[in-house]
Amino acid sequence: DGKDSSMLDLNEDDLKTLQTKKDDKTPKMEKDNASLQIPSVNGGAALKDDPEYAKYFKMLKMRIPPAAVKQAMVRDGKDPSILDRNPDEPLKQVEEEKKECRPALK
């Protein structure tokens with residue numbers, strides 16, 4: 001049935017030792033999982049997680065050609081150059097860079 005029958009022969013001290021070893025591993029695994037999360041700079045959400053752009057990054061993930069995804073963005077009134085950026089980059093950073101690049105109105 002997939003169970004280890006040798007566990008039935010362990011005494012209480014051995015079981016406590018196994019439990020302690022298991023507890024020692026848990027924080028390390030949680031720490032490892034935390035490192036997998038990509039921190040967002042400036043506290044903003046990543047482009048791929050932003051509700052406005054998430055569907056386009058999902059289309060790319062589904063292997064829809066980038067040109068077709070960019071055309072959909074143009075159709076929806078979105079900036080297609082967003083797809084050329086890092087999907088883990090914070091949206092706030094992208095918006096700040098756009099403001100810096102815009103010419104002053106006269």
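## The nonpolar core

Let's start inside: the largest nonpolar core has 11 residues, among them Leu-47, Tyr-53, Phe-57, Met-73 and Val-94. A nonpolar core here is a set of buried Ala, Val, Leu, Ile, Met, Phe, Trp, Tyr and Cys residues joined through side-chain atoms within 4.5 Å. Two or more residues each come from helix 2 (54-61), helix 3 (66-75) and helix 4 (91-101), and helix 3 gives the most, with 3. Helices are DSSP runs of H or I with at least four residues, numbered from the N terminus.

This is a predicted model, where local features need pLDDT of at least 70 and side-chain atom pairs 80 or more, while totals for chains, interfaces and linings use all residues. Residues are numbered from 1 along each chain as its sequence is written, and side-chain values use heavy atoms, leaving out hydrogens and water.

## Salt bridges

There are 6 salt bridges, each a side-chain nitrogen of Lys or Arg within 4 Å of a carboxyl oxygen of Asp or Glu. Asp-88 pairs with Lys-48 at 2.8 Å, N to O. Asp-88 sits in the loop between helix 3 and helix 4 and Lys-48 in the one between helix 1 (12-36) and helix 2, so this bridge ties together parts 40 residues apart in sequence.

Glu-89 and Arg-85 also meet, at 2.7 Å, N to O. Glu-89 is buried, at 12% relative accessible area, whereas Arg-85 is partly exposed at 25% (buried is under 20%, exposed over 50%, partly exposed in between, with a 1.4 Å probe and protein chains only). Elsewhere, shared partners link Lys-55, Arg-75 and Asp-76 into one network.
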